[in-house]
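Please keep the sequence and the model in view while reading.

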Amino acid sequence: MNLDQALKLYLNHLSVERNLAQNTLESYKRDLSLYINSCKNVGDITNISEKMVQNFVNEYRTDRAESSVSRMIASIRGFHRFLVLENATSINPAQYISTGSKSLRLPKTLSVEKVIEVIESISSTDANASRNKLIFEFLYGTGARISELVNTDLDDIDFESNIVKIRFGKGSKQRIIPLGKQLKIAINNYLTRERNALASSKKSCNSLLLNSRGARLSRQSIWEVINKIALQNNLAELTPHTLRHAFATHLLEGGADVRVVQELLGHSSVNTTQIYTHITVERLREVFAETHPRARN
């Protein structure tokens, strides 16, 4: 079996049998395409050796975070394990590849004051102002990923119960997030000022965010909005994920239990959420050093 056929077979397995989300499939495809391209000269999947896998991983590790390397290794391992199970080959050259040590990388975040300053910097005179403000209020007010915001429909917002349903991951699972006051105001402003004018009677799109054609707003368009606001505020570190990090960090700083934050973020394991506790501890150290009389030099 040649390499392209093997990759196509594996991606089909992930899509049909494991029912992985489209974004997850794209990540697997992106990682494994890089790997497959590095092995093109062998022709057949049975000719890939353990040394070739290790050389690829070593080269890939050169300028990438260890978390990215670990993900790549996991993708390669799963790929070769599947091929063995499918009897496409009897050899698993990735079986003994080490993931290496994953260093702790604290996510970048913003202070409460800075997030509010950024949101309030969106002028009401700007084109699409209420939509742009809603994007920021939604990401910061729910901790949603950009893909989750894109997939949010009007039906996912319950104004009477003050909750938002966030659909995510395999099988379109969902989690429930309380609908905060400022986010509720932002949604209502957008619905009355912009969305009603964009909604087309010829289309049945139920998406919360619409583009100029009345269709669902894309990930790229949301990225462009955030990049524009980031540039205006001279914040190179501002991304959709920065707002998700800020959501989690500010909850913990305010006294929220880490397991509550885990549920709100949709993490399957509390260990993933624990990284935010390191941020709040660092902040506590800073405040202590700045304010306690016996901590100052």
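How many aromatic pairs does the structure hold? In this predicted model, there are 6 aromatic pairs. A pair of aromatic rings is described by the distance of the centres and the angle of the planes. Two of the pairs are set out below with these values.

| Pair | Centre to centre | Angle between planes | Arrangement |
|---|---|---|---|
| Tyr10 and Tyr28 | 6.4 Å | 85 degrees | edge-to-face |
| Tyr35 and Phe79 | 6.5 Å | 85 degrees | edge-to-face |

The pair of Tyr10 and Tyr28 links distant parts of the chain, 18 residues apart. Tyr10 belongs to helix α1 (residues 3-16), whereas Tyr28 belongs to helix α2 (residues 22-38). Tyr10 has a relative accessible area of 3% and is therefore buried, as the limit for a buried residue is under 20%.

Tyr35 lies in helix α2 and Phe79 in helix α4 (residues 66-85), so their pairing ties together parts that are 44 residues apart in sequence. Both Tyr35 and Phe79 are buried.

Which residues do ring pairs link into a cluster? The cluster consists of Tyr10, Tyr28, Tyr35, Phe56, Tyr60, Phe79 and Phe82.

A further site concerns Ser123, which is found in the loop between α5 (112-120) and α6 (129-142).

Note on methods. Residues are numbered from 1 along each chain as its sequence is written. This is a predicted model: local features need pLDDT of at least 70, side-chain atom pairs count only at pLDDT 80 or more; totals for chains, interfaces and linings use all residues. Side-chain values use heavy atoms; hydrogens and water are left out. Rings of Phe, Tyr and Trp (its six-membered ring) pair if their centres lie within 6.5 Å; planes under 30 degrees apart count as stacked, over 60 as edge-to-face and the rest as tilted. Helices (H or I, at least four residues) and strands (E, at least two) are DSSP runs, numbered from the N terminus. Buried means under 20% relative accessible area, exposed over 50%, partly exposed in between (1.4 Å probe, protein chains only).
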